[in-house]
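Subject: Structure handover

Hello,

Here is the structure for your files. My notes on it follow below.

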Amino acid sequence: MNLTIDNILLIGSLLLLISVLAGKTSYKFGVPTLLLFLTIGMLAGSDGIGGIRFDDPKLAQFIGMVSLNFILFSGGLDTNWKAVKPILREGIALSTLGVLFTAVSLGSFVWFITDFTIYESLLLGSIVSSTDAAAVFSILRSKSLALKTNLRPTLELESGSNDPMAYVLTIAFLTLVINQDQSFVSIIPLFFQQMIFGGLAGILFGISSKYIINKIKLDFEGLYPVLVIALMFITFSATNFIGGNGFLAIYICAVYLGNQDLIHKKTIMKMFDGFAWLMQIVLFLTLGLLVFPSQIIPYMGIGLLISLFLIVIARPIGVFLSLIFFKMKMKRRFYISWVGLRGAVPIVFATYPLLAGIDKANMIFNIVFFISVTSILIQGTTLSIVAKWLGVGIPEKQKKLTTTDMLLAENPKAEMKEFQITSDCYAVNKKIVELGFPKNAIIAMIKRDDSYIIPNGLTKIETKDILIVLADKPKIFDEVYRNLKSQ
């Protein structure tokens, strides 16, 4: 069956429905949801019972790029800067040096056991060198895995920020495979250009995006998420246009926005959380359709060998070498090594050799696909077990809520207090979004003269207003008082 304009919506919606319903019960059997989505795509494909023929790497790559935008942006919005700041250096080391060491060690192994050239081997190593943000965010959150001592922020920061490094290495070694007369030194300027421009663009677009979101007045609340989507794609495409790394830019931009006071932030967060799940499903279904299982079978032996080397040796080498100068318990290092999940990102990156038309492109794609599946299957199903074995997990009742958990909770407040606004208050003539209000308190209602106002971020505070504030604990009201009275 070929996909056409007439049937693509029907087939796509049926696959989406099956994926959502199947994902609801998958964890009862210990099967990662993302692997299930991938399997459904494979079953629906040309080698499966669905017989849907999809053989368009270029379209799959485009879907992958769009999906990764949403996944990385959603992950960035949910990154708590206060939690990340203490482990920022470790996260950067893992997402740069860790990726490089993993790529080189795995590439050397592939070169040793296959007939690949050194550049082809390093290309394969680069493609699977980063942990996958979609897999890590999805599995850690759906398992509600609680970890000790900033371990979870470290893992999420690494997975959200290391794709740019893997992307640069992939493009660099692909260039060397195609143009073998060039030297390795020639790709170094590309690396610095991508990372520096990407980082600066992420900060600048984050600052400008906050200004646009809070200053522009839209008539409908539902338009604010649409505005953020537009800003996200502008950040990605504009950064790529100037020669920077778009993935790095949107992640940094999202981290900045996620830690700022934004108008209708709850609506924006809800929308991106839903879109991240949708894009994960679409991405894995697409990649499942793209692969031909019959073509993977001849490479299962070599694929398993490379995958086991990556999990047991190459990933630990990358982690231990990149963290060698940091004080960290050995158990934490081992667990970080184990959460080296490979998922959709390596498969998306593996489409670049296909489109470039290099000799071993199909072999690389099939091996990468097999590595991703085995990684999710082996590592994804054992995260809780290994955390318990290493003693890095904490009881569920002690688990700290993430930014999204707290922001999206329907009834998170238990205490109420009224605040009278006088003429000498700092809050007079200020918009609520400008007050820097505590995250665990909200202005539920404003009594103004003889009427009651349900406020939003654009609502201006006036003299003689009475604010009805809800908070988690009574002591939060002291901070609320300071925010309203002075800055």
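**Surface and overall make-up**

The protein chain exposes about 22100 Å², and carbon and sulfur atoms supply 65% of it. Accessible areas are Shrake-Rupley values with a 1.4 Å probe, and for residues only the protein chains shown count as cover. This is a predicted model, in which local features need pLDDT of at least 70 and side-chain atom pairs count only at pLDDT 80 or more, while totals for chains, interfaces and linings use all residues. Residues are numbered from 1 along each chain as its sequence is written, and side-chain values use heavy atoms, with hydrogens and water left out.

The secondary structure of the protein chain comes to 22 helices and 4 strands; these are DSSP runs numbered from the N terminus (helices H or I, at least four residues; strands E, at least two). Of the 487 residues in the protein chain, 53% are buried. Buried stands for under 20% relative accessible area, exposed for over 50%, and partly exposed for what lies in between (1.4 Å probe, protein chains only). Among contacts with a separation of 6 or more, 80% join residues 24 or more positions apart, a contact being heavy atoms within 4.5 Å.

**Nonpolar patch**

Phe 184, Val 185, Ile 188, Phe 192, Ile 196, Phe 197, Leu 200, Phe 241 and Ile 242 make a nonpolar surface patch of about 920 Å². Patches take residues with over 30% relative accessible area and no salt bridge, joining like charges within 9 Å and nonpolar side chains (Val, Leu, Ile, Met, Phe, Trp, Tyr) within 5 Å. Helix H10 (residues 188-215) gives the largest share of the nonpolar patch, 5 residues. Val 185 sits in the loop between helix H9 (163-178) and H10, and counts as exposed because its relative accessibility is 56%.

**Helix packing and a buried serine**

Helix H8 (residues 151-161) packs against helix H16 (residues 330-338) at an angle of about 35 degrees, the axes being 11 Å apart. Axes are lines fitted to C-alpha atoms, for helices over the stretch in contact, and angles run from 0 to 180 degrees between N-to-C directions. On the H8 side, Leu 151, Thr 154, Leu 155 and Glu 158 make the contact, and on the H16 side Arg 332, Tyr 335 and Ile 336.

Ser 67 is in helix H3 (residues 57-77). With 1% relative accessibility, Ser 67 counts as buried. Leaving aside residues up to four places away in sequence, Ser 67 touches Met 279 and Leu 283.

**Salt bridges**

There are 4 salt bridges in the structure, each defined as a side-chain nitrogen of Lys or Arg within 4 Å of a carboxyl oxygen of Asp or Glu.

Glu 120 pairs with Lys 360, the closest N and O atoms being 3.5 Å apart. Glu 120 is in helix H6 (residues 118-127) and Lys 360 in the loop between helix H18 (351-356) and helix H19 (361-378), 240 residues apart. Glu 120 is buried, at a relative accessible area of 6%.

In the salt bridge of Arg 315 with Glu 158, the closest N and O atoms are 2.7 Å apart. Arg 315 lies in helix H15 (residues 300-322) and Glu 158 in helix H8, so the pair ties together parts that are 157 residues apart in sequence. Both Arg 315 and Glu 158 are buried.

Arg 448 and Glu 462 also form a salt bridge (3.5 Å, N to O). Arg 448 belongs to strand E2 (residues 441-448), and Glu 462 to the loop between strand E3 (451-453) and strand E4 (466-471). Arg 448 is buried at 15% relative accessibility, whereas Glu 462 is partly exposed at 36% relative accessible area. Salt bridges with shared partners join Arg 448, Glu 462 and Asp 465 into one network.

Regards
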